[in-house]
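Please read the points below with the sequence and the 3D view open side by side. They are meant to be checked one at a time.

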Amino acid sequence: MLRTMISPDAVTQYIQQAMPDAKVWVTDKTGTMDHLSVKVVSSAFAGKNPLDRHRMVYQALDAPMKDGRIHALELTIETPDGQ
Amino acid sequence: MADPIEDEIKREVSAHKILIYGKGTKTMPMCGFTRETMQFFDKYGYPYEVVDVLPNPAKRETLNKLYNWPTLPKVFIDGQFYGDTDILEPMAKKGELEPLLKKAFGK
């Protein structure tokens, strides 16, 4: 089966469009680049609860999640001061 | 007019102390994250229910909209939405999950 893959750079770009100060680390969980583990650090998460933080990242990645370039996503989310 | 799918979801959420909407069943999980979530709850020993929404795209869509959350699994504890293990693992590490489960099961 042929799948369209997404590059770590593209993931980072989608997130930084929504959160310009975001630092993004992308890990490929399965070697197929559609099950990703992504760490995002941004000041935009300050004062937000974990559910809303995830929603912000999901929203930023809406396009590649809807078209199937990202099938599954494991997220770690922090603010720059480690909260 | 009430949406019958929404009614069904509300009924399920209130009927089970721990409810996982996922892909596949307890005996045959069809997604690594759904399986991981079951294994996560297995450690605690409380009963949980798994509802397979893979055969029901309309319900999946309703769930996504209701909770503003685009992925499966979706976990509910005591009627409250908790996202998935990305949220639950850090809660467990901080010692917040065990009291929540104890309270849910009246212990």
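Predicted model: local features only at pLDDT ≥ 70, side-chain atom pairs only at ≥ 80, totals over all residues.

1. For chain B the average pLDDT is 95, and 99% of its residues reach at least 70.

2. Start with the make-up of chain A. It contains three helices and three strands. Read from the N terminus, these elements follow one another as α-β-β-α-α-β.

3. Next, the overall dimensions of chain A. Along the principal axes, its C-alpha atoms occupy a box of roughly 45 × 20 × 20 Å.

4. The three strands of chain A deserve a look together. They form an open sheet in the order β1-β2-β3, and the pairing is mixed. Strands β1 (23-28) and β3 (72-78) of chain A are the edges, each with a pairing on one side only. From one strand to the next, the twist averages 15°.

5. Which way do β2 and β3 of chain A run relative to each other, parallel or antiparallel? Strand β2(A), residues 35-41, pairs with β3(A) in the parallel sense, and seven bridges connect them. One pair to find in the view is A:V40 with its bridge partner A:I77 in β3(A). Helix α1(A) packs on this sheet, where it touches β1 and β2 of chain A, and its direction makes about 145° with that of β1(A).

6. Helix α1(A) also has a helix as a neighbour. Residues 8-18 of chain A make up α1, and residues 50-60 make up α2; the two pack at an angle of about 115° with their axes 8 Å apart. The crossing of α1(A) past α2(A) is right-handed. On the α1(A) side the contact is made by A:Y14, A:I15, A:Q17 and A:A18, and on the α2(A) side by A:M56, A:V57, A:Q59 and A:A60. Sorted by class, this contact has six nonpolar residues, two polar ones and no charged ones.

7. Now turn to chain B. Its secondary structure consists of five helices and four strands. Their order from the N terminus is α-β-α-β-α-β-β-α-α. The C-alpha trace of chain B spans about 40 × 30 × 25 Å along its principal axes. Because chain B has 107 residues, a compact globule would have a radius of gyration near 13 Å; chain B has 13 Å, which agrees.

8. Chain B has an open sheet of four strands, ordered β2-β1-β3-β4, with mixed pairing. Strand β1(B), residues 18-22, runs parallel to β2(B) and is joined to it by four bridges. Within this pair, B:I20 stands opposite B:V50 in β2(B). Across β1, β2 and β3 (74-77) of chain B lies helix α2(B), residues 32-42, running at about 165° to β1(B).

9. Most residues other than glycine have a negative phi, and most peptide bonds are trans. What is the form of the peptide bond from B:L72 to B:P73, cis or trans? The bond is cis, with omega near -5°. B:P73 sits in the loop between α3 (57-67) and β3 of chain B. The loop between α3 and β3 of chain B also holds B:N68. B:N68 is not a glycine, yet it has a positive phi of about 50°.

10. The last point is where the chains meet. How many residues of chain B are in contact with chain A? Eight residues of chain B are in contact with ten residues of chain A. The chain B side of this contact comprises four nonpolar, three polar and one charged residues.

Terms used
Residues numbered from 1 in each chain as written. Chains lettered and ligands numbered in written order. Pairing = 2+ DSSP bridges. Contact = placed C-beta atoms within 7 Å. Axes fitted to C-alpha atoms, helices over the stretch in contact; angles between N-to-C directions. Nonpolar A, V, L, I, M, F, W, Y, C, P; charged D, E, K, R; others polar. Left-handed = near helix turned anticlockwise from the far one by under 90°. pLDDT = per-residue confidence, 0-100. Rg over C-alpha atoms; globule rule 2.2 N^0.38 Å.
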